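Subject: Structure handover

Hello,

Here is the structure we talked about. Please look it over, then read the notes below.

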Amino acid sequence: MTYQFLSRIAEVIFDHIAADQAVFRAFDAKGEPFFEAAKGVEEVPGTAAAGKEIGEVLAGRALEIGRPVLVRDLRQDPLFADLEIDGNGHRPRSVLSYPWSLGGRPAGLVFLARNADGRPFDTDNMEFLTLALAPAIYLLRKNGGASPAEPEPRGTDAPAPSAFMGEAPSARRVRVMIERVRDTDAPVFIAGESGTGKELAAKTIHETGRRRGGPFVAINCAAIPEALLESELFGHARGSFTGAFRDKTGLVEEASGGTFFLDEIGDLPLALQSKLLRVLEERKVRRVGENRPRSVDVRFVSATNKDLDHEVERGRFRQDLYYRLKIIAIDLPPLRARPDDALLLLNHFLDEFSRTMDRPRPFVSPVALELLLHYPWPGNVRELQNEVQRCLIMAGGGPLILEDHLSPKINPAGETYSRVSHRFAEAKADFERRFLREALVRCRYHRTRTAAEVGLTRQGLFKLLKKHGIGARTSPAD
Ligand SMILES: Nc1ncnc2c1ncn2[C@@H]1O[C@H](COP(=O)(O)OP(=O)(O)OP(=O)(O)O)[C@@H](O)[C@H]1O
Ligand SMILES: [Mg+2]
């Protein structure tokens, strides 16, 4: 979070205070920079190196001075008098710098410089810098500088370590669970609707736990034909069945030293359920066609979006295996149950995708935001992620995501009207649904206001909403 937050603040500062050179840097306890955002350092052709050098020297000097500095004209300032600034138009003339320290050590710096052809910085700029930096400094202080769990600043192609995000109590509980279980070997069972982050949670356990040095091997039990599944899982000996030309190591063995993730475990056929149970109990696998058991050191994580209690009741899933797998159970909350996280994740994906698409991060218009936040996200985080990606494409590099850029399911008012029936009653119902949705969107789902706006009584509106099954998205203001 700190890293993203710092990026955001840097962006706000750089956008608001025009500068020819801008650097935002934060240092860890060893004095090493762990975050840097910079702008304009290479933008002047032919003078990049010189510009950077001078910028570095000035930034270093500002850090030494240890307090915010506003210099209108470097040539006339005694603090910088010994620096040779030639004033050829490409070297900084005016400088604004704001270093801060934590626990007595220099912890960060914002450094802005303008060339001779620009206006000098003024006290308004300094005031803005002070205000904009306050939350960043507060956050860093709370974390004691860079938190060790923080992802390092990364290049565009370095993979991000998995992180299950969310600040709602239910999401925090998930994170606490992940932290508690990641360094143990107990099987973990992850339940949740589609797109709630089951695979992500499994990866997070692996990547942050003590098995992170080992492999993470995943299998989707629903995607592999039953006839192949056993040999995929446990391996086989040469000649054990037609087509088994050579010995094959099973995926469980391949996960040795690491984590084995059984996705869609609810779809594991009964015959294999008993074999898996034996593996869990004995910590040994038998390859198909072999009697000799082989020891495996594997941590099992399984996941499903099925109701396994129900499957057990129906006799489709072995109860003993179920109990064995869910020694530790993590329930992932659906996104609609944590609406504040929808906003957090929306911003997160906007940052992420803008970065990978190498484009400026757009903002979301208030109406579009309202629509996004009122949508119930049946496909959960994955659906939100896909929507953000789609919006960025639809916005075509523009600075703003508007309601027109949203999918029709999220912005029903933007839907083009197509008559679904030639029968009057159905066409009328169709019209009513659209009309009501549009009115609700205009009134931000405030139903009393909607009723007043369209000339219905509150009861009349409620009746119609019920009739058309519109009602899941209630406004807290109602
Ligand atoms: N809490 C979260 N924080 C950040 N990203 C998330 C979160 N939850 C899900 N995602 C992202 O949403 C996408 C879907 O997540 P994932 O594949 O883990 O879901 P799933 O529960 O396994 O879905 P399915 O049941 O359909 O397989 C992934 O790209 C994942 O990184
Ligand atoms: Mg999955």
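How many contacts beyond four places in sequence does the model have for residues 43–49? Five, and pLDDT stays under 50 over that stretch. Contact means C-beta atoms, placed from the backbone, within 7 Å. pLDDT is the predictor's confidence in each residue, from 0 to 100. Residues 146–161 also stay under 50, with 19 such contacts. The protein averages 82, and 84% of the residues score at least 70.

This is a predicted model: local features need pLDDT of at least 70, side-chain atom pairs count only at 80 or more, and totals for chains, interfaces and linings use all residues. Residues are numbered from 1 along each chain as its sequence is written, while chains are lettered from A and ligands numbered from 1 in the order written.

Ligand 1 next. 15 residues surround ligand 1 (C-beta, placed from the backbone, within 6 Å). Met165, Gly197, Lys198, Glu199 and Val381 are the closest. Helices H5 and H13 (380–394) each supply at least two shell residues; helices are DSSP runs of H or I, at least four residues, numbered from the N terminus. Domain 2 (169–331) and domain 3 (336–413) both contribute to the shell, so ligand 1 lies between them. Those bounds come from an automatic or database domain assignment.

H5 (residues 198–208) also meets H4 (residues 169–181). Val174, Ile178 and Val181 in H4 contact Ala201, Thr204 and Ile205 in H5.

Best wishes

Terms used. Axes fitted to C-alpha atoms, helices over the stretch in contact; angles between N-to-C directions. Contact = placed C-beta atoms within 7 Å.
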